[in-house]
Amino acid sequence: MSKAEILGNIRRGLKRGEATQDQKQAVANRINKHARNLVPQRAQLPHEQQVALFIEMATEAAAQIYQLESINDVPKTCASWLQDHQIDTLVTASDEAITSLDWSSATDLACVQRVAEIGDAASLTTSFAGIAETGTLMLHSGATSPTTLNFLPDNHFVILKRSDIVGPYEDVWQKLRETTKGDLPRTVNMITGPSRSADIEQTLQMGAHGPKDLIILLIND
Amino acid sequence: MQITSPAFKENARIALHDAGLQKALGNLKEGFPVKRSTAVARMPEFEQLRDEGTALKNHILENLDIYLEQFEANVIKNGGHVHWCRTPEDACKKILDICKEVDAKTVTKGKSMVSEEINLNDYLEKNGVEPIETDLGEYILQLRGDHPSHIIAPAIHLNLEDVSEIFHEKHKRPKSSDPKVLMQEAREMLREKFAGADVGITGANFLVAETGSSIIVTNEGNGDLTQTLPKTHIVVTSIEKVVPTLEDMTLFLRLLARSATGQEFTVYNTLSTGPRRAGDQDGPENFHVVLVDNGRSEMVGSEFQEMLRCIRCSACMNHCPVYGAVGGHSYGWVYPGPMGSVLTPQMIGIEEAGLLPNASTFCGKCESVCPVRIPLPKLMRHWREDEFSKHLSPKAVRWGIGGWAFFAKRPTLYRLLSISSNLFLRVMAGKKGHIKKIPLAGGWTDGRDMPAPRGKTFMSQYKSRKQS
């Protein structure tokens, strides 16, 4: 009932009845084209410069970045950071890039694959892409990548391959559509730096409800 | 919440003498406007983005019914539900029904102005469901029994001391005046609430027709915990938020953060599409979108249609000299500042909200910073006309305007009057050049001095220039 009234009001305002087949088709065509609006020049760069821009912008947003020669350097980098911060447990996602890591060098660190729980101090996930324009990570939910890992733990490590860095946001939508065949995962997160709030006297404080530290492990692949 | 818009003048008078409020508002001037202008300067294409955003919103509004039905079809395709609600009561009732279906005791909430608009918290509380605000600003306000005075910085009217006091009282912890400690306290207090809630309610910044997704934009991460941990996620939002594609959403995201907080990008931009998928280890099992109308559909095709372009960035109020002087609560309802002065009369009636579109200097700053170029002064003028034609404006105003019209239509008389009042004011001002008090104009001169007219009248300057 409400739906008919709301749509009726809108159509009355537009001085027409229900849209014609042609009007609906025009809208469907517009949607299916996925046309880009103006894309700022900033991120339309050769790939090497996109990587540099990503690092610059993510750093500006207060993310920490470690550039690693190989994904095999992830365990020792995490272990050393966590040791410095007196954290002994790392909760991880379960995608292959993470399950195939060799943690034997990190003897004092317990790694567990599960969703995040209250009280977790640190998590490790992979990412789908990095967006140079604003130093933004894209992650999405899936059987091996629970969303809680991105928000509940105090510290979040994210593996990002250099080859997964794109320029503007538009490139990542294209990549996401290709990978998921148009069916979006339940949750798609764009993350730019650690959690923060300026709700007390307009003064920025880091670490509101999400991770207080966002550590990007940038892999040279 | 109780509507106090009819008492705007009294609200404003009290606000101007409230030292705490004036101190808090002082933070606004050097905050958002400065950050916005820095961010805009870093984006050379910003003006073009505004043009495209304006045109795109116009296109959406011309096809609003088609996009909304497309959005609904895709939400359903992904296993979610859409509920169309004409009135705030319909929306509250629908949300309560969903809560009852899952036998909800507590509900966590991300920041949502639409939920303020429909007065959701009161309704849930009265019906035995406890709503818990999780945005830091909203959480502070809920503890105080207060309500937002700004659409993106809800507690902007408070000072550190206010937060410190209420946390000490409610958390029963030692009093602290360190914002970092206070934020940590809120973080700890809310952790268990996030996990224990049966339903999570968020708003939406945009709805994507192409995918049936809703997106929230936050810096804290509270919205994400709200919508990920409970079994049911309800999105409460309004019909004008729909956009065609992810690319179109991107255009507005580029405008939103820069116009709002002056950030390059907000920390968390999160798309939700349906409930959790087979194999997902977390995420909600139920996904509902409650689409609120509340007068918006009637704005389509009206002189106020352009207001539906609004993306709720708050730039208009951040730059408004009236908002900056009296704060958001003076406006007496949910939406303050210039955008509120246009929306509020639509939602609660011009009879109640007539003073709001009059509380403007028409300086035009709001329109000049609006990312989707809403002609806010023009729309406020439409409300003034509406108010006048319905004979709602006070007698003194009507007589004043009538008197002015009498002279304005008689140029010789008008000139005589302007020359004589010019002389009169100069004599009154004497050597000081300004007047402390004018009879019958105390409302104007109580707060400031009136400068005496200087130089010749417009007509005499015009004549002498024409001759030369």
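Student: Where in chain A does Pro146(A) sit?

Tutor: Pro146(A) belongs to the loop between strand 6 (136-140) and strand 7 (155-161) of chain A. Strands are DSSP runs of E with at least two residues, helices are runs of H or I with at least four, and both are numbered from the N terminus. This is a predicted model: local features need pLDDT of at least 70, side-chain atom pairs count only at pLDDT 80 or more, and totals for chains, interfaces and linings use all residues. Residues are numbered from 1 along each chain as its sequence is written, while chains are lettered from A and ligands numbered from 1 in the order in which they are written.

Student: Why is Pro146(A) called buried?

Tutor: A residue is buried if 20 or more other C-beta atoms, placed from the backbone, lie within 10 Å of its own, exposed if 12 or fewer, and partly exposed in between. Pro146(A) has 26 C-beta neighbours inside 10 Å, so it counts as buried.

Student: Which residues does Pro146(A) touch beyond its sequence neighbours?

Tutor: Contact means that two C-beta atoms, placed from the backbone, lie within 7 Å. Leaving aside neighbours within four places in sequence, Pro146(A) is in contact with Ala93(A), Val115(A) and Ser141(A), and with Gln281(B) and Asp282(B) in chain B. Between Pro146(A) and Ser94(A), 52 residues apart along the chain, the C-alpha separation is 8.9 Å.

Student: How many residues does each chain give to the contact between A and B?

Tutor: Chain B gives 80 residues and chain A gives 62. On the side of chain B that touches chain A, helix 11 (residues 179-196) gives the most, nine residues. That side of chain B divides into 31 nonpolar, 27 polar and 22 charged residues. Nonpolar here means Ala, Val, Leu, Ile, Met, Phe, Trp, Tyr, Cys and Pro; charged means Asp, Glu, Lys and Arg; the others, Gly among them, are polar.

Student: What makes strand 9 of chain A and strand 9 of chain B a pair?

Tutor: Two strands pair if DSSP finds at least two bridges between them. Strand 9 (residues 187-191) of chain A and strand 9 (residues 268-272) of chain B are joined by five bridges and run antiparallel, so they meet the rule for a pair. Ile191(A) has Tyr268(B) as its bridge partner.

Student: Why are strand 1 and strand 3 of chain A called edge strands?

Tutor: Chain A has an open sheet of six strands in the order 1-12-7-4-2-3, with parallel pairing. Strand 1 (64-68) and strand 3 (110-113) each pair on one side only. Strand 3 is joined in the parallel sense to strand 2 (residues 89-92) over four bridges, with Leu90(A) opposite Cys111(A).

Student: What is the order of the open sheet in chain B?

Tutor: The six strands of that open sheet follow the order 1-10-7-4-2-3, with parallel pairing. The edges are strand 1 (81-85) and strand 3 (130-133) of chain B. Within this chain, three bridges join strand 2 (residues 106-109) to strand 4 (residues 199-202), in parallel; one partner pair is Thr108(B) and Gly200(B).

Student: How do you know that chain B is as compact as a globular protein of its length?

Tutor: Chain B holds 24 helices and twelve strands. The globule rule is 2.2 Å times the number of residues to the power 0.38, and the radius of gyration is taken over C-alpha atoms. For 468 residues the rule gives 23 Å, and the radius of gyration of chain B is 25 Å, close to that, so chain B is as compact as a globular protein of that length. Of its 468 residues, 50% count as buried.
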